[in-house]
Amino acid sequence: MQAQPHANRTSMSELHFSPRPNRASEIAWHPYSEATFSEAKSQAKPVLLAISAVWCHWCHVMDETTYSDPGIIKVINEQYVPVRVDNDQRPDVNARYNMGGWPTTALLTPEGELLHGGTYVPPDAMASVLRQISSFYSDPESRLALAKKILEVKTARAARSKTPTGGDIDPNTASSVFALLSSDFDDEYGGFGTDQKFPHVPALHFLLDYWQRTQDGRAQTIVQVSLRAMAGGGMYDRVDGGFFRYSTTRDFSVPHFEKMLEDLGGLMYACARAGAMFGDAALSAVARDVKRYLDAHLWNEEWGGYGGSQDADEEFYAQDSQGRAALAQPYVDRTLYTAWNAQAAAGLLLGAGLLSSDADTAAWSRTGELILNTLWDRLLVDGLLCRYYDGTPHVRGLLVDQAWALWAGLAAFSKTGNALWLARVGELLAAMEILYDADAHGYADRLTTQDDAGKVADVTVPFEENALMARVLLAYSAMTGDAKHVERAEAMLRRYSQTYQAYGSFAASYAAAALDLLDPPVDIHIVQAAGSRLSDELRVQALACATSAVRVDPIDARTGADRLQALGYAADNTVAYLCRGKACFARASTAAELAEALAVGKAASIG
């Protein structure tokens, strides 16, 4: 696909304001761009950066109050260069400027440095802040002093963001993060902490990964109790299905009512995994019900993927099914977001084999592969994926989008046996070399462009996305035999080895990657002999194994001769080899033999 005119920038043509009456559109909003910040500099004006989201309740309130006040509109348009950014479209901007929630209200210098910031700012407070900052910045001496300070700050920040601080990988990484999550677990109500509660999807999946290696009963309890509490309380919509974004209360009784694809795909898969691992039919049913919601309310038939979110609407969600039928559905953002769709696709493809119904299995697989084809067909521009699609692809080269697409592509390869997906993963990895910083031992969070401005121009090497990339590299190496990817993954994990505990529960993604390196999944290499359908049965059986961590590597005997030779496998029979690293401990020629070999191998590893 050739470069698109909008691939490296966001669209300002359809800014989303509150669905209720407001005047926020009367503010002369600019896009976040170098041209905008240059305009601010030439006019000696500060920048008002507003980060909002289509699903955000308090963003809507700010549109209806502060940004609808005639005096504030006038001051902003005359004394500031206002910039509006959608969090979902520009997570790179949000990562650098978020002030603790949405909306974010940040007053910046034309160089992009913070003068003042907050979240929701009511009209009276906003009027006062605008006057103070405008008065301060209109003084030439103040601007000169700021310029000197800004140079010092930017130099120090650039050094901090790229300098590796790690050492040897801690062999106790997984157990340390498990202990942290265990201590943070709310034994009375489930979830983590004792205040408002978010689902913490990566933590749940790490605990499931940890259980597969250890059979630790505490890990099982944390996952089951938390998922059941969320699904059985106010955080779950028992009419339309699907989880709300978070609970405002400790007991999951009062939710914030927006629904986010960002979490729904991962929660769906977590419920499918936990249901299969622990024989919990109720959680398996929740997984199916989440997909029911996704298909009925977020699916975009025209573009072939899931929309990003559905708005919060307390009145609507307070109704039963009859009451809802009389009301309009809350607004759905039909935009396709790459990372969230890829995460959902991976969950569908890997979760399909964990369901008992053949019909569910087939439907989940079809949808997952369809989504990935959409991403590669509509959002791949000059080798890298764009952030979102609203009829045109926008914002090319964010790490989070590439990483999740790679993870999902590997899932598609394991599920279907189609070598196209492994080839696509390899091509995307090669294109991503432009993001890798060998000195920093990690991938930058975004592709730099001439349109960069403010802190977005600073290179950062993000923790969670690099942890996911380490897992991708380890899995891709296991499926191709290319050891250089393991070496890079190890270097990336070493970068954070001395600091991972400081991330708290957000270290779960890193711990999952450390598990894949130090206690790797069983690699199931399935030789697919020409004309044999047995390989399909072996793949299905391998992916249905919930109790062991596995990686499924289908090898087509017709096209994978070099790979088979390197592994020392014959090409004339369909057979599955079960290996840990380079040591193979079993082979299976039927699905039953494979199930037995996995069970024996699991018992041996635990014993």
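Modeller: Two strands pair if DSSP finds at least two bridges between them. Strands (E, at least two residues) and helices (H or I, at least four) are DSSP runs, numbered from the N terminus. This is a predicted model, in which local features need pLDDT of at least 70 and side-chain atom pairs count only at pLDDT 80 or more, while totals for chains, interfaces and linings use all residues. Residues are numbered from 1 along each chain as its sequence is written, and side-chain values use heavy atoms, leaving out hydrogens and water.

Colleague: In what order do the four strands of the open sheet lie?

Modeller: Strands of a sheet pair through backbone hydrogen bonds, either parallel or antiparallel. Here the order is β2-β1-β3-β4, with mixed pairing. β2 (81-86) and β4 (114-118) are the edge strands, each pairing on one side only. On average, neighbouring strands are turned by 15 degrees against each other, direction ignored. Strand β1 (residues 47-52) runs parallel to β2, and six bridges join the two. In one of these strands, β2, Pro 82 is the bridge partner of Leu 48.

Colleague: Which strands does helix α5 lie across?

Modeller: Helix α5 (residues 123-137) lies across β1, β3 (104-108) and β4, and it runs at about 175 degrees to β4. Contact means heavy atoms within 4.5 Å. Axes are lines fitted to C-alpha atoms, for helices over the stretch in contact, with angles from 0 to 180 degrees between N-to-C directions.

Colleague: Which residues line the second largest cavity?

Modeller: On a 1 Å grid over the protein atoms alone, a cavity is a set of points where a 1.4 Å probe fits but cannot get out, and lining residues have an atom within 4 Å of a point. Points are joined across faces, edges and corners, and a volume is the space filled by probe spheres set on them. By this rule there are five cavities of 30 Å³ or more. The second largest cavity holds about 50 Å³ of space. Its lining includes Ala 50, Ile 51, Cys 59, Met 62 and Arg 84. β1 and α2 (57-64) each supply at least two residues of that lining.

Colleague: Which cysteine forms a disulfide with Cys 59?

Modeller: A disulfide is a covalent bond between the sulfur atoms of two cysteines. The rule used is a pair of cysteine sulfur atoms within 2.5 Å. The structure holds two disulfides. Cys 59 pairs with Cys 56, their sulfur atoms 2.4 Å apart.

Colleague: Why is the disulfide of Cys 56 and Cys 59 right-handed?

Modeller: The torsion about the S-S bond of Cys 56 and Cys 59 is about 80 degrees, so the disulfide is right-handed.

Methods. 1 Å grid on protein atoms, 1.4 Å probe; cavity = no way out; pocket = protein on both sides within 12 Å on 5 of 7 lines; lining within 4 Å.
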